[in-house]
Amino acid sequence: MKTGKVSILIHTYWSFVPMKEIYQHYVKTSEINTPIFIKLSHADHNYWYNFKSDSNHKYDKNHYLYNTGSYRLGQMNSELFIRKSITGQYVIVLTSIMAKSILIKERFAYLISLFSPNKKKYDIYFEKFSAGASESAFELFKYAFKMGDSCVYILEKDHPEFQNLKQHYGRALVGKNSFLAFYHIFLARSFQSSDLVGHIQRRLYDNDYLIKKKVLSTDKKIMLQHGPCMATNIFERGYFNRKVPIAPDYMLVNSNFEKNLFLKNTGYTDKELMVTGLPNIDLYVKEQQSEKNQITFMLTWRPWDLTGSIEVGSYLDRYFSFLELIREEKFYKDKKINVILHPKSRIILQEQFPDIYDKYEESFYVGDIKNALLNSKVVISDYSSITFYAFAGGSNIIFYWEDKALAEVEYGAPNILQKEIAFGGIVERFKDLHSEIVYNFNNPQSPFHIAKFSKLMECTSGHNTENTYNYIQNIIFENEQTPLEEESAFTISEKQSSAS
């Protein structure tokens, strides 16, 4: 919006931004969060003023709790609201429409939890956006359920396995955004998740005051990791900045190598880092010797080139090139090839390029990614943590690093995973990919790569789930237990160790 010497007197107190422009900005850039600022142009200079509630750059809980109502974007099937970043920056958020019934259920559950005669505290487990049941949080939940804990797993009701899991776990499994989910959240003593706790909210980047407040008041936010933090340099992106009040209180790591990365790059202490290994790795270790005859291609999330056009060499263009490769080469005719889009990429492809999505839809893998990895002799990826899972399960890894230099610029720092510690073959040109796939499909894992992997992933005994559970019960929860409970927990741990 432009202003002038006279109109600026009005615009100082009032301005108007068309919602259609915000939506078009999202279509062009795929940006969900858009910071609000003023740009003043004078002669050859531009002056930028960010809208913040405090000019000092500091981290504040009050910023996190700030929220506004959501506004429907006409026929665009979207809503927007304004939130504050943790530093007080005002941000416009474009998100999905939320049914008003969800808000009613949440507030009712909150009131009931305040006056509930049941003072039992629950351990809440969930995975990214509560949309899955195949990662470390679910494995740890299954173990806790077997041990008779007061535990609850939150899962989307439209998950294909929801009803089957409900029959097995009963009241311990609840649907996301249900009354019971909110009720248990407000009575939680811990959040144990394979993603940041903020993603338990009603929808992505939500402006929900009550759940944010509950998260802030909980000092046992236990991050089990979505995947090992040893591919891209996520520390430079502030994921685990201890100044941020919603950062995890405890972190699971897979080796002393990874632990030292956290000690060097974050404010976590030795006691706040659990070197017990991803529970989900146990599933892969047990399948190391199983027959594998599939090939999986999955690139990681690249927000910088998922925009309103598909450029040569972009994320989607590489997928299309791979699809053409497997159609042309006879080598792939008798093999099952899993072409897996990152979940966010699939959504953007559907929304922004529906014609292209319809054309290739049958070629994209649908199902549990874990099953594809467990059955793959070769896994091709770039900077994704799935490479660690796949190698632990016996797959050969090919790192497709054609745009590595660009990616490191966009990520803001060099990747942690470099050539000297890579546990697979490296391909820097697409034309070399086919021959590398053929070689890896016909050969076992290299001892050289096994040695590299062992340094990064020390916890591959098959007992990560048990060890993680015991650490949480006996160390993290130790201050809550009575002497009798501590003796009981120690006895359980001893029995499990002797059984192992």
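Predicted model: local features only at pLDDT ≥ 70, side-chain atom pairs only at ≥ 80, totals over all residues.

Let's start with strand β17, residues 396-400. It is mostly covered: five of its five residues are buried.

Which residues of β17 sit on each side? On one side you have Asn-396, Ile-398 and Tyr-400. On the other you have Ile-397 and Phe-399. All of these are buried, so both faces are covered, given that buried means under 20% relative accessible area.

Now its partner. Strand β16, residues 376-381, runs parallel to β17, and four bridges join the two. If you want a place to look, find Ile-380: it stands opposite Ile-398 in β17.

**The chain as a whole**

Let me zoom out. The chain has 20 helices and 18 strands. Its radius of gyration is 24 Å, close to the 23 Å from the globule rule for 500 residues, so the chain is as compact as a globular protein of that length. Along the principal axes, the C-alpha trace spans about 75 × 65 × 45 Å.

How much of the chain is buried? Buried residues make up 52% of the 500. The accessible surface comes to about 25,000 Å², and 53% of that belongs to carbon and sulfur atoms.

Next, contacts. Take those between residues at least 6 apart in sequence: 70% of them join residues at least 24 apart. And charges: there are 59 positive and 57 negative ones, and their mean positions are 5 Å apart.

Strand β10 covers residues 188-193, and five of its six residues are buried, so the rest of the structure largely encloses it.

Which strands pair with β10? One is β7, in the parallel sense, over five bridges. Another is β11, residues 221-223, also parallel, joined by three bridges.

Keep your eye on Gln-192 in β10. Gln-192 is the bridge partner of Tyr-125. Gln-192 also stands opposite Ile-222 in β11. That gives you a line to follow on the screen, from Tyr-125 to Gln-192 and from Gln-192 to Ile-222.

**From β7 into α5**

Now follow the chain on from β7, residues 122-126. The loop between β7 and α5 holds Ser-130. Ser-130 has a positive phi of about 55°, and it is not a glycine. As a reminder, most residues other than glycine have a negative phi. Is Ser-130 buried or exposed? Its relative accessibility is 0%, so Ser-130 counts as buried.

Then comes helix α5, residues 136-146. Eight of its 11 residues are buried, so the rest of the structure largely encloses this helix. Ser-136, Ala-137, Phe-138, Glu-139, Leu-140, Phe-141, Tyr-143 and Ala-144 are the buried ones. Just after α5, Gly-148 takes a positive phi of about 80°.

**Another buried glutamate**

Where is Glu-106? In helix α4, residues 100-115. Its relative accessible area is 1%, so Glu-106 is buried.

What does Glu-106 touch, leaving aside neighbours within four places in sequence? Its contacts are Phe-182, Phe-186, Arg-202, Asp-208, Leu-210 and Ile-211.

**The antiparallel sheet**

One more sheet. This one is open and has four strands, in the order β1-β6-β5-β4, with antiparallel pairing. The edge strands are β1, residues 33-35, and β4, residues 71-72; each pairs on one side only.

Look at the β4 end. β4 pairs with strand β5, residues 79-84, over two bridges, in the antiparallel sense. Tyr-71 has Leu-80 in β5 as its bridge partner.

Finally, Ala-43. You'll find Ala-43 in the loop between β2, residues 37-42, and β3, residues 45-50. Its phi is positive, about 55°, although Ala-43 is not a glycine. Buried or exposed, this time? Ala-43 has 74% relative accessibility, so it counts as exposed.

Ser-130 has a positive phi of about 55° and counts as buried. Ala-43 has a positive phi of about 55° and counts as exposed.

How values were computed:
Residues numbered from 1 in each chain as written. Heavy atoms only, no water. Rg over C-alpha atoms; globule rule 2.2 N^0.38 Å. Buried < 20%, exposed > 50% of the residue type's maximum accessible area, 1.4 Å probe, protein only. Contact = heavy atoms within 4.5 Å. Areas by Shrake-Rupley, 256 points an atom, 1.4 Å probe, with all protein chains shown as cover. Lys, Arg positive; Asp, Glu negative; His and termini not counted. Charge placed at Lys NZ, Arg CZ, Asp CG, Glu CD. Pairing = 2+ DSSP bridges.
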